[in-house]
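These are notes for a colleague going through the model point by point. Please read them with the coordinates open.

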Amino acid sequence: MTYNLLSGKRGIIFGALDSNSIAWKVAKRCYEEGAIFTLTNAPIALRKKDIFDLASQCGDMPVIPADITSIKDLEKLFDESMKLMGGRIDFILHAVGMSPNVRKGLHYTELNYDYFKKTLDVSAMSLHKVLSVARRKDAISTWGSVVTLSYIASGRTFSSYSDMAQAKAMLESIVRSFGYHYGVARKVRINAVSQSPTVTTAGQGVKGFKAFAHYADCMSPLGNASAESCADFCVTLFSDLTKMITMQTIYNDGGYSTMGISDKLINDCFNCSDDCKKED
Ligand SMILES: NC(=O)c1ccc[n+]([C@@H]2O[C@H](COP(=O)([O-])OP(=O)(O)OC[C@H]3O[C@@H](n4cnc5c(N)ncnc54)[C@H](O)[C@@H]3O)[C@@H](O)[C@H]2O)c1
């Protein structure tokens, strides 16, 4: 179903690496809903070339390389995007995350601190950089909408999520702090969508991903939220129907974040002994 929710809107979408990427699904939904946008990723990620297929599936949207940690690249990205699309930006998807510590499999108690800085720069501070460059250039329209993607490990311990947990905590904090300043200045809204475990390159990089995705699925009354459902939700946040929502972290997780324990977890996922299942 399409609703024409983004007709006439211009966007920038960060983070589509391949067809599994959440940003990929968001781009396709934004296109279906009538938006135009530029697609961007790190120059090294563009070598994979998949993003150009996405661009052609979305009516030949432009692809602009940008390392999200580089202010110079971001300035160029905003200038070119506004020029190509003929005006200010109405929505931005920040779907970027990377931890060299996770990639190299370093134990949390023995992190490499240069890598740790890189994790925070790429996965959290980059949102601040995007917003700061945009604000300086007055590049986002009044009532524009910025969405970033987070994970519940921002506030709870997931043993193998490593320094990405700190990155997500910082990311959600930037959503609140910048959301205040940009809201007052230009009525720009900034929100984080906290998504279920999803099979993507970044997701699968986390040790034990399959097990905790299965655990979350058993725990959630609606099951894990798919990347497609995340894309649907992002579209609503970019649309004019959610104008008064800002500075929030909103869970697209099938109910997981509110659960303690579920029957499915007890009955299907743990092989509990009958003793364990008996009522007192
Ligand atoms: N997959 C999950 O289980 C899950 C759950 C919750 C939140 N998220 C978040 O969703 C977001 C998107 O991740 P995904 O799961 O779609 O995986 P993905 O691997 O498809 O996307 C991550 C993207 O970050 C980009 N990136 C990395 N370094 C960059 C840089 N320096 N400059 C520009 N781009 C850079 C990568 O090229 C890639 O496109 C991430 O923030 C991730 O933490 C993912």
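1. Is glycine 34 buried, exposed or partly exposed? Glycine 34 is partly exposed, because 14 other C-beta atoms lie within 10 Å; here a residue is buried if 20 or more other C-beta atoms lie within 10 Å of its own, exposed if 12 or fewer, and partly exposed in between, with C-beta atoms placed from the backbone. Glycine 34 sits in the loop between α1 and β2 (36-41), where helices (H or I, at least four residues) and strands (E, at least two) are DSSP runs, numbered from the N terminus. Leaving aside neighbours within four places in sequence, glycine 34 is in contact with Asn4, Leu6 and Ser7, contact being defined as C-beta atoms, placed from the backbone, that lie within 7 Å.

2. A word on the basis of these notes. This is a predicted model, in which local features need pLDDT of at least 70 and side-chain atom pairs count only at pLDDT 80 or more, while totals for chains, interfaces and linings use all residues. Residues are numbered from 1 along each chain as its sequence is written.

3. Asparagine 4, one of the residues that glycine 34 contacts, belongs to the segment before β1 (10-14). Asparagine 4 counts as exposed because it has 10 C-beta neighbours inside 10 Å, and its phi is near 60°, a positive value in a residue other than glycine. As background for such cases, most residues other than glycine have a negative phi, and most peptide bonds are trans.

4. Methionine 247 is found in the loop between α10 and β7, and it counts as partly exposed because 17 C-beta neighbours fall inside 10 Å. Its C-alpha lies 26 Å from that of glycine 34, and the two residues are 213 residues apart in sequence. Aspartate 240 lies in the loop between α10 and β7 and is exposed, with 11 other C-beta atoms within 10 Å; its C-alpha and that of glutamate 172 are separated by 22 Å, the two being 68 residues apart along the chain.

5. Helix α7 (residues 164-186) has 23 residues and should span 33 Å at 1.5 Å a residue, which agrees with the 31 Å between its end C-alpha atoms; the expected span is 1.5 Å times one less than the number of residues. Even so, α7 bends by about 30° at glycine 179, the bend being the angle between axes fitted to the seven residues ending there and the seven starting there. Glycine 179 is among the buried residues of α7, which also include Met164, Leu171, Ile174, Phe178 and Tyr182. The buried residues of α7 pack against α5 (100-103), α6 (113-136), β5 (140-150), β6 (189-195) and β7 (249-252). Just after α7, lysine 187 takes a positive phi of about 60°.

6. Helix α6 bends by about 55° at methionine 125. Its buried residues include Thr119, Ser123, Ala124, Leu127 and Leu131, and their cover includes α4 (71-85), β4 (89-94), α5, β5 and α7. Aspartate 138, which follows α6, has a positive phi near 50°.

7. The axes of α6 and α7 are 8 Å apart and the helices pack at an angle of about 10°, so α6 is roughly parallel to α7. Axes are lines fitted to C-alpha atoms, for helices over the stretch in contact, with angles from 0 to 180 degrees between N-to-C directions; angles under 35 degrees count as roughly parallel, over 145 as roughly antiparallel, 65 to 115 as roughly perpendicular and the rest as oblique. Among the residues that meet are Leu120, Leu127 and Leu131 in α6, and Met170, Leu171 and Phe178 in α7.

8. Helix α1 (residues 22-32) and helix α10 (residues 227-238) have axes that come within 8 Å and cross at roughly 55°, which makes α1 oblique to α10. The contact involves residues including Ile22, Val26 and Cys30 of α1, and Ala227, Ala231 and Phe238 of α10. Serine 229 has its place in α10 and is partly exposed, with 18 other C-beta atoms within 10 Å. The C-alpha atoms of serine 229 and isoleucine 22 are separated by 9.7 Å, although the residues are 207 residues apart along the chain.

Definitions and conventions:
Two residues are in contact if their C-beta atoms, placed from the backbone, lie within 7 Å.
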